[in-house]
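Here are a few friendly notes to read alongside the model.

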Amino acid sequence: MAEARSVGSSRRVAFVADRSRALIRLRGSIARELKARGAEVLLVAPEFTPDEAATLAAAGIDRATFDIAPKGLKGIGPVADWTLTREIGAVLAGWRPEVVVCYGARTMIHAALAARRAGAREIVVAVTGLSQKAAEASAEGRLLSARRYAKAFKAATAAIAHNRDDARALARSGLLRAGLDVTVVAGSGVDLGQFEVQPLPPIAAGLVFLMVAPLDRTRGVIDYCEAARRVKERAPEATFLLAGPAGEGPGGFDPADLRAYEDAIEFLGPLADIRPALGRAHVFVYPSHGEGMPRVVLEAMAAGRPILTTDAPGCRETVDDRVNGCLVPVADVGKLAEAMTSFLKRPDLLPSMARASRHKAERRFDERDVNRTLLAVLGFAS
């Protein structure tokens, strides 16, 4: 466990999650904004890479770790749950935050309970995806009972959801205690300066489709590969790019499993920066089975790319159908292939869809607007 700084006079905000990479990627900007406002900030996750630790240290952001799978325990059951709550609680009690923001299914629940025991005045529970497929793709790889979610909401002073569908589902669920409202925060938003508009490439050599995601069936990666193979048979000039790291959890698979699609897919591997790949593409494809708010789609929108995604929670909010892209049913390879083909038939629509994507990103998903909403939830309203 990393040492935390001594208690100062400024407000102290801790973020707890099950993965450091997602925490830094999705909430790094709000952590820096809080620092700029004079707050002390702590990020808590099972582990941090040396590069992540160096980045946080340079920004003056504290970090601490906990054991998400205590030695000798299988990670599930009352003893493991109690141990995880105690682990997180020890971190929070030592650092003494006023505000704690909790992410990540099972981790969210234990962090909320630990924050209450540590005396935090404000406990924000963040629901980043309620669908079964999203839960199966989580670090724990399993669904959690409604009763256990209710414990987190009982401890919370505020709750956020990353899309409207999840907010409505929570309101109907009966899990929320009386008086606990849910604020919709559109994921982490997108940095419109970092992801500037990129001109569409020439179409003379054929259209280029791109998907970026961890190799996971719940992200629709296999759906994309299957649809690409069907379209490639009829339109050999089309190019289908896929980028991302090996998947984790029950739905994950390795790059070696893509060999069956090597005639249709050009696999780029994991990318530190997706902007060059976006520059090669005409259409961004993301056939996820449902999640909170896919940041990579927001990045593609900001870069000015038409979006082909699913009519699923989170994903559907990124597309105005046939305006900046199109929506297809979840896990329907045939419809996905048809939608890809529709772009091949009407490439003249790409420029207007590209402009519409950028305008939607500016109107709805600007990181600065998203951060203002979250700051208000945390009690840092301007």
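**Notes on the model**

1. Let me start with the crossing of helix 3 and helix 4, which is right-handed (right-handed means the near helix is turned clockwise from the far one by less than a right angle, left-handed anticlockwise). Helices here are DSSP runs of H or I with at least four residues, strands are E runs of at least two, and both are numbered from the N terminus. The axes of helix 3 (residues 78–95) and helix 4 (residues 105–117) come within 8 Å and cross at roughly 55 degrees. Axes are lines fitted to C-alpha atoms, for helices over the stretch in contact, with angles from 0 to 180 degrees between N-to-C directions. The two helices are therefore oblique to each other (under 35 degrees is roughly parallel, over 145 roughly antiparallel, 65 to 115 roughly perpendicular, and the rest oblique).

2. Which residues in helix 3 and helix 4 meet? From helix 3 come A80, D81, L84, T85, I88, G89 and L92, and they meet R106, T107, H110, A111, L113, A114, A115 and R117 in helix 4 (contact means heavy atoms within 4.5 Å). This contact divides into eight nonpolar, four polar and three charged residues (Ala, Val, Leu, Ile, Met, Phe, Trp, Tyr, Cys and Pro are nonpolar, Asp, Glu, Lys and Arg charged, and the others, Gly among them, polar).

3. A word on the source: this is a predicted model, in which local features need pLDDT of at least 70 and side-chain atom pairs count only at pLDDT 80 or more, while totals for chains, interfaces and linings use all residues. Residues are numbered from 1 along each chain as its sequence is written, and side-chain values use heavy atoms, leaving out hydrogens and water.

4. On confidence, the chain averages a pLDDT of 90, and 90% of the residues score at least 70 (pLDDT is the predictor's confidence in each residue, from 0 to 100).

5. Helix 1 (residues 20–36) packs with helix 13 (residues 367–377) at about 65 degrees, their axes 10 Å apart. R27, S29, I30, E33 and L34 of helix 1 make the contact with E367, N371, L374 and L375 of helix 13.

6. Finally, eight of the eight residues of helix 10 (residues 295–302) are buried, so this helix is largely enclosed by the rest of the structure (buried means under 20% relative accessible area, exposed over 50%, partly exposed in between, with a 1.4 Å probe and protein chains only). G304, with a positive phi near 85 degrees, follows helix 10.
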